[in-house]
Structure formats: structure tokens, C-alpha cells
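Please look through the following structure with this briefing beside it. The points are grouped by topic.

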Amino acid sequence: MSSAGDKVAAVAEVGLWVAAAALIAGAVGIRLPGGLLASSTATPGTSAVAIASPGASPTPTLTSSLAPTPSPAPTLSPLVRKFQAYLARKDFQFQATGTGSQSAVGVNLSVDLALTGSMAYKAGDEWDTTKMTSSNGQTMTDDTTYAGSNKFERMNGGPWIKKPRTATDSRILFSPTRLFVDTGVETKNGTALHRLEVADPAALSAEIDALGIVTNSHLMLVFWTRADGTPAVFRMEGTWTQAVNGVQASVTTTEEFAFTKWAGVTISPPKSPWQWIVDGTDGIAFGLPSGWSKSNANNTLGLTEYVSASGQFDYKTYDAAGLTLELLVDGVIASAGDPVVGRAATSVGGQPAIRFGVHRATQKDYQVQTLAIYQGRVYQFLSFGPAGKDAATDAMAAQILATLEFTK
């Protein structure tokens with residue numbers, strides 16, 4: 001993917017669809033700070049909220065509501081109580097579809113994304129799927145499932161990867177204790193619905209900041225509900241500051257979801273997911289097929305190695321010594337001693353990279369090398385396969401490296 005494509009890149013736990021929270025290596029995907037599907041504790045600093053009279057005119061936009069100044073109010077709306085009770089149901093579940101937009105601006109950084117997607121929740125488990133489209137038409141998809149103590153994610157239809165579910169994968173947006181102001185009835189998506197605006201935007205924003213992914217949040221949340229408190233639509237918009245590939249960026253987001261289902265929701269973990277490897281020493285994490293295991297065969301060469309009956313994946317890191325990526329690759333190719341094919345620019349973990357293949361005569365195999373420089377260090381990745389199986393080895397190397405994140 002080109003540098004423009006890198007700016008669309010992979011998102012997972014930080015983002016729009018209310019279920020995730022951290023940039024995934026490979027790019028600049030930005031979505032709403034993560035795990036926003038409800039908290040079991042009361043919103044800190046929230047006080048009882050007054051309700052507008054039934055004839056009150058609806059607020060036309062959210063933009064004017066971003067300032068964290070909730071109106072003092074002596075009475076909690078009966079409709080808000082119904083809404084809270086609905087969210088507190090033991091069998092609370094739903095499916096929803098939505099659209100949104102996001103932009104990020106920083107030093108030498110400008111990203112604009114259009115987003116579409118769907119999500120579901122049931123009994124603490126959830127799934128979401130998001131399609132991100134950049135202003136130049138490039139697209140990327142992110143699918144995530146939370147089931148039990150595990151999180152499963154895949155990018156662009158690639159392999160599902162099984163990861164531990166973290167504490168931030170909780171429900172914030174749908175907290176049954178959060179207070180709202182009923183501003184009256186308005187027509188939304190062709191239906192007369194009650195508009196409920198979050199009573200304390202500052203408290204909501206503080207909860208988002210507390211996740212540790214973004215800072216300086218200023219967010220507003222609105223639900224449109226039926227008369228019995230059933231949610232029909234929700235919308236969040238606002239701003240925050242976030243590190244995007246090492247650059248502090250100002251992010252603006254708008255997202256809106258319409259509920260399509262309130263019962264009969266099924267959430268199941270995907271079959272045959274890949275394992276998630278975290279290397280704290282070299283500062284990377286990546287996915288591998290479940291049957292691959294670590295080997296010490298090449299430790300003396302400084303290589304970390306994983307093997308299976310069908311392939312092998314090795315890597316090592318070392319100081320770049322001031323070399324550019326092009327000069328570095330020139331040197332590696334010159335020392336290969338065997339025919340090199342298919343040199344091409346690519347990306348790894350959001351960083352520029354160069355990939356090439358080597359037909360090794362002595363070993364009678366095919367090797368794919370991919371090199372990148374990150375924070376002054378070279379990351380050299382090697383994938384191996386049988387001679388004559390170049391396409392399969394290339395494809396496996398690409399799949400593995402598409403999952404890789406730099407963690408330092």
C-alpha cells in the first residue's frame with residue numbers, strides 16, 4: 001500500500017464502532033476509543049437531570065452541545081428511567097448499522113475517512129465490522145468479535161487472530177446508570193422519537209480519556225428512543241487528541257447507528273483463528289497459524305524462529321547505522337549469493353518496507369525477505385517455503401506481516 005493507503009490503515013481497538021480501542025500496526029485507522037459498549041458502574045460526577053417539558057423543541061444539531069455544561073434539573077424524566085431500565089435488562093441485546101466520518105490532522109498528517117459498518121451485542125459478547133474509505137477511494141475492513149475472555153480480529157478479510165480480551169473492552173456508551181436530558185419529540189429517520197442528550201458530556205469524555213488511548217476528549221452522545229424507552233438510533237460526535245503513528249493528531253469524529261434488531265442475536269467466535277505472538281524484547285506483535293511453534297534452531301544467528309510442517313517464519317532486529325531502507329536492501333541483496341526476484345515496495349506495521357524473494361540453490365528452497373526500519377532499527381523478516389511454491393510462500397509471508405504491530 002502506498003503512503004496514502006497507509007493513512008487509511010488498519011484499526012482495531014480504537015475506533016468508531018464502539019467496540020475497540022488502539023491503533024493496529026499498518027496504518028492510521030482512527031476510530032472511537034475502544035470498548036464503548038457500557039460500564040456497569042455509575043458515571044462519575046453525574047447529577048440528577050432535569051427534563052424538558054413534552055412540548056420542548058428538539059435541539060437541531062449536536063455541535064452546539066459539545067460544551068460540558070449540563071443544565072441543572074430537579075427531576076429525572078420518566079422516559080429516561082424507562083431507557084435506563086431497558087439498558088439494564090439481563091437479556092439486553094441488539095444489532096445496528098451505521099455510518100460515520102473521521103478526520104485527523106497533525107504535523108505532515110491529514111486523513112479523511114468515511115465509515116460504514118454494523119455491530120451487535122448480547123450478554124457481554126459483541127461483534128462489529130467496519131469499512132473505512134479514504135478520500136482517494138482506498139478501502140480497508142476491520143472485523144472484531146468479543147466472546148468470553150477472548151477477542152478475535154481480522155483485517156481486510158485476512159485470518160482471524162485470537163487475542164486476550166482487555167479491560168477496556170467493556171460497555172461505556174450503553175451504561176444503564178448514565179443520565180440523559182429528554183429534549184422532546186422529533187422526527188428521526190421518518191419516525192417520531194424522543195431525543196435524549198447525555199446530561200454530563202464532560203463525565204463521558206473523562207471516561208473515554210481514562211481508557212488511556214486518547215486525551216482531551218470532548219464528546220456528545222444522543223439517543224433517540226421510542227415511548228417505552230427502546231433505543232432506535234444513537235449518535236456520537238466530538239473531538240480528541242491521539243497519537244497516530246507517532247504523530248499527535250487532532251481527531252474529529254461523527255457516527256450514527258440505527259438499531260435493526262432487539263432479540264434473537266447470536267454471537268459466536270470464529271473457527272480456526274490464528275494465535276497472537278507478543279515479543280516484548282523486539283517490540284513487535286503478530287499473528288501466526290495455530291499450528292506454528294517456536295524453535296531455537298537458528299538462535300546462534302540471532303533469529304527468532306517459528307516453524308510448522310508447511311513453513312517457517314524468522315526475524316531479527318539490529319541497528320540501522322544511519323542507512324536508508326534502499327541502501328540497506330541493496331546490501332542484503334548483494335550478500336544473498338543466489339538469484340533475487342520480485343523486489344517491491346510494501347509496508348509493515350505502517351512503516352515503508354521492501355520485499356524480495358531468493359531462490360536458494362544449496363537449500364533448494366524459496367525465501368521471502370521483508371525489511372523495514374523503525375525508530376532507527378532494522379526489522380528483517382524471513383519466510384521459507386519449498387522450491388517451486390513461490391506463490392504460496394509469498395502469500396503466507398504477506399498474511400503474517402499484514403498482522404504485525406510495532407509495540408514500542
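E256 forms a salt bridge with R235, and their closest N and O atoms are 2.9 Å apart; a salt bridge here is a side-chain nitrogen of Lys or Arg within 4 Å of a carboxyl oxygen of Asp or Glu. This pair links distant parts of the chain, since E256 is in strand β11 and R235 in strand β10, 21 residues apart. The model is a predicted one, in which local features need pLDDT of at least 70 and side-chain atom pairs count only at pLDDT 80 or more, while totals for chains, interfaces and linings use all residues. Residues are numbered from 1 along each chain as its sequence is written, and side-chain values use heavy atoms, with hydrogens and water left out.

**Salt bridges**

- E256 counts as buried because its relative accessible area is 17%, where buried means under 20% relative accessible area, exposed means over 50% and partly exposed lies in between (1.4 Å probe, protein chains only).
- R235 is partly exposed, because its relative accessible area is 22%.
- R235 also forms a salt bridge with E237, with the closest N and O atoms 3.2 Å apart, and E237 is buried, with a relative accessible area of 8%.
- E197 and R195 form another salt bridge, in which the closest N and O atoms are 3.0 Å apart, and both E197 and R195 are buried.
- K151, E153, K163 and E405 are linked in a network of salt bridges, and a search of the whole structure finds 15 salt bridges.

**The chain as a whole**

- The chain contains 5 helices and 21 strands, which are DSSP runs numbered from the N terminus (helices: H or I, at least four residues; strands: E, at least two).
- Of the 408 residues of the chain, 52% count as buried.
- The chain exposes about 17,000 Å², of which carbon and sulfur atoms supply 54%; accessible areas come from the Shrake-Rupley method with a 1.4 Å probe, and for residues only the protein chains shown count as cover.
- Among the contacts in the chain with a separation of 6 or more, 54% are accounted for by residues 24 or more positions apart, a contact being heavy atoms within 4.5 Å.

- In helix α2 (residues 78-87), the residues L79, V80, F83, Q84, Y86 and L87 are buried. They lie on the same side of α2 because they cover an arc of only 160 degrees around the axis, the arc being that of the directions from the helix axis to the C-beta atoms.
- The cover over the buried residues of α2 includes β7 (180-188), β8, β9 and β10.
- Helix α3 (residues 201-210) has P201, A203, L204, S205, E207 and I208 as its buried residues, and what covers them includes β8 (191-198), β9 (215-225) and β10.
- After α3 comes G212, whose phi is positive, near 85 degrees.

- T241 is found in strand β10 (residues 231-244), and T241 counts as buried because its relative accessibility is 19%. Leaving aside neighbours within four places in sequence, T241 is in contact with V214, T215, N216, Q248 and A249.
- G264 lies in the loop between β11 (247-261) and β12 (275-279), and G264 counts as exposed because its relative accessibility is 52%. The C-alpha atoms of G264 and Q95 are separated by 9.5 Å, although the two residues are 169 residues apart along the chain.

- Strand β15 (residues 304-307) pairs with strand β16 (residues 312-319) in the antiparallel sense over 4 bridges, and E305 stands opposite D314 in β16.

Key
Two strands pair if DSSP finds at least two bridges between them.
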